[in-house]
Amino acid sequence: MGAGHTHALYVHEHSVAHRLPAHVKIVATFAVTVLIATTPNRQALAFAGFAVLLATVARLSRIPARFLLARLVVVAPFLLAALFLPFVASGPRVEVLGVSVAEAGLWGGLGLAARALLGATASLLLVATTEVPELLRGLERLRVPALLTQIAAFMVRYLEVIVAEVTRQRRAMTARGYDPRWFWQLKPLAAGLGVLFVRSYERGERVHAAMLARGFTGQLPALVEERPTPRSAWLVALVVPGIAGLVRLLAGFGDLGIGGGVG
Amino acid sequence: MHAPDGFLTAPTAIATGVLSAGAIAGAVRASRPELDDDRIPLAGVTAAFVFAAQMVNFPVAAGTTGHLLGGALAAVLLGPSLGLVVVAVVVLVQALAFADGGLTALGYNLFNMAVVTSLGGWAVFRGARRLLPASPTGVTLAAAVAGFASVLLSAISFSLMWLFGASAAVPFDRVFAAMVGVHAIIGVGEALITAGVVAAVLAVRPDLVRGADGVDPGAERARLPRTRFVVIGLLTALVVAVGVAQFAVDEPDGLERVAQDLGFEEAGREHLLANSVFSDYATTGVASEPVSLALAGIAGTLLTLAVGTGLLLAIRERRGRDPARADQTAT
């Protein structure tokens, strides 16, 4: 309600990446994240190559670096875990800056952090260049069951409404002096969520009734015209995972610890 | 717990992906009869509710907050299959549209946050309902137990995956102890919120709580069988303590290890209680290690319980004595 139609993570721009069909971009992004996720811990060169590649894609898609960096906080808890790894891991130990740490843990932590950051960046680039309805349509074209994508579509559609309702509820509670700090002060919060559930459910019932009244038969009409995907789109999109694969190869497979296996 | 890309090994990601896809496909099929009626908007709006509920931070203790996983709640409200579908959609959208959780990590994220929480939560919920009276209070308490268990099960599942697919050499028992320890606390918050939401919905629209079948909402509120509940709760706590204590290690933990390596362990004086009977999580003078660990676990639980009860009693007494304060809480 009130807010714009675009998604918070979408960056409105005009670029090659923005124009590509969603399902092609999903496949390309997934391929890149698979390559990133299976890079062993010690492949620092490969990680650097991926970083340069993703930065280039961001630049070409006109996604500001500040936007990406701000959104990368979602992986922060796992960076913290990566920070602890050198201290809790087992195995031979080495001296770093006068502190003895487990060597495997050190590499494990670095690898974990690199994969988490690069993977999240790749996902962010996909979201930043594709609107959510397009993404869901793309999933459908990739044979994800329509039931799931339709539930997701309604979820995204009503998310803003329900989040706004939570926000209003929270503000009303705060205005009346409710500021929970301990477990036993949770009850009003839980009761509020209960009310929210009933309201959401009843909204769902109303939406459903309104749709039935307008002739809904269980199939949503396609608002976007389906066009066959030109082969050039695939070629353009797959350039990125292609380069990523090349980076992996050139950096050497090393000891082939699959999925960043130990070491 | 939205794990990023490459957190676990590729074989683990693929195996959990297959498991999750199978579970979701089964749940979709099982919830078809309900959704056949074209009630997709309802499921979608409920998914938006779960998403919004996950955004509400609740206080764990002064300063720290946790947030709802919602799997057990969705299962109790919508039934296990539709609950699983709804939470799976939430996790899917978070990964795809919000870049929260890696795309290649979807297999294990879906398994830990949707499959384990909703199916495991539902199983515990049914078990607890059998022991509790078929009244709104009984359903609410069963929801609390299910909420707590779902978080703990999720943490256990996560550490088991680490056992099979760790991306770094951290021993399983350390990960297990840390994950289960932290989530035992977060689980209490999940339990309270789950129970509170279920109680609120039961009061307004009992027909919307799928797990409340066989409960007569019109019936007068049966009195809470307090002794029975306390006994059940205590037994659960003891079983968990005995089980978890087995994983407690006498190796130095991370911090102790750092201390050793830096050489300031010597400087640190021995702990004041080092000679007490339960030092290093094992009772001295008991030969068998499992038995000794179990004893330490039981003793720890009883101690915590006693301290907690005492604290609560103390607070209640102070509130009772201070009329101004009592007034405040009453309004």
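At what angle do the axes of helix 2 and helix 6 of chain A cross? In this predicted model, the two axes cross at roughly 175 degrees and come within 9 Å. Since angles over 145 degrees count as roughly antiparallel, helix 2 of chain A is therefore roughly antiparallel to helix 6 of chain A. From helix 2 of chain A, which spans residues 22-37, the residues that make the contact are A:K25, A:I26, A:T29, A:V32, A:T33, A:I36 and A:A37. Helix 6 of chain A, residues 103-129, answers with A:R115, A:L118, A:G119, A:A122, A:S123, A:L126 and A:T129. Sorted by class, this contact has 7 nonpolar, 5 polar and 2 charged residues.

Let's step back and look at chain A as a whole. Chain A has 11 helices and 2 strands, and from the N terminus on its elements run α-α-α-α-α-β-β-α-α-α-α-α-α. Of the 263 residues in chain A, 40% are buried. If you take the contacts in chain A with a separation of 6 or more, 78% of them are between residues 24 or more positions apart.

Some arginines of chain A are worth a visit. A:R62 lies in the loop between helix 3 (44-60) and helix 4 (65-71) of chain A, and its phi is near 60 degrees, a positive value in a residue other than glycine. A:R143, in the loop between helix 7 (132-141) and helix 8 of chain A, also has a positive phi, of about 70 degrees. For context, most residues other than glycine have a negative phi. Are these two arginines buried or exposed? A:R62 has 15 C-beta neighbours inside 10 Å, so it counts as partly exposed. A:R143 has 8 other C-beta atoms within 10 Å and is therefore exposed. Further along, A:R171 sits in helix 8 (residues 146-175) of chain A. With 10 other C-beta atoms within 10 Å, A:R171 is exposed too. Its C-alpha atom is separated by 35 Å from that of A:A116, a residue 55 positions away along the chain.

Now for the meeting of the two chains. On the chain B side, 67 residues are in contact with 83 residues of chain A. The elements of chain B that give two or more residues to this side are helix 1 (10-35), helix 2 (40-55), strand 1 (57-61), helix 4 (80-98), helix 7 (172-204) and helix 9 (254-262). Which of them gives the most? That is helix 2 of chain B, with 14 residues. By class, the side of chain B that touches chain A divides into 49 nonpolar, 10 polar and 8 charged residues.

Follow chain B to helix 3, residues 71-78. Because 8 of its 8 residues are buried, helix 3 of chain B is largely enclosed by the rest of the structure. Those buried residues are B:G71, B:A72, B:L73, B:A74, B:A75, B:V76, B:L77 and B:L78. What covers them? The cover includes helix 9 (187-213) of chain A, together with helix 2, helix 4, helix 5 (106-131), helix 6 (136-165) and helix 7 of chain B. Just after helix 3 of chain B comes B:G79, which takes a positive phi of about 90 degrees.

Zooming in on B:V86, and leaving aside its neighbours within four places in sequence, its contacts are B:A43, B:T46, B:A47, B:V50, B:A74 and B:L78.

Finally, a word on confidence. The model scores ipTM 0.84 and pTM 0.75. Chain B has a mean pLDDT of 74, and 61% of its residues reach 70 or more. Over residues 248-285 of chain B the pLDDT stays under 50, and for this stretch the model has 35 contacts beyond four places in sequence. Residues 322-331 of chain B also have a pLDDT below 50, with 4 contacts in the model beyond near neighbours in sequence.

Note on methods:
Residues numbered from 1 in each chain as written. Chains lettered and ligands numbered in written order. Predicted model: local features only at pLDDT ≥ 70, side-chain atom pairs only at ≥ 80, totals over all residues. Contact = placed C-beta atoms within 7 Å. Helix = DSSP H or I, 4+ residues; strand = E, 2+ residues; numbered from the N terminus. Nonpolar A, V, L, I, M, F, W, Y, C, P; charged D, E, K, R; others polar. Buried ≥ 20, exposed ≤ 12 C-beta atoms within 10 Å, placed from the backbone. pLDDT = per-residue confidence, 0-100. Axes fitted to C-alpha atoms, helices over the stretch in contact; angles between N-to-C directions. Parallel < 35°, antiparallel > 145°, perpendicular 65-115°, else oblique.
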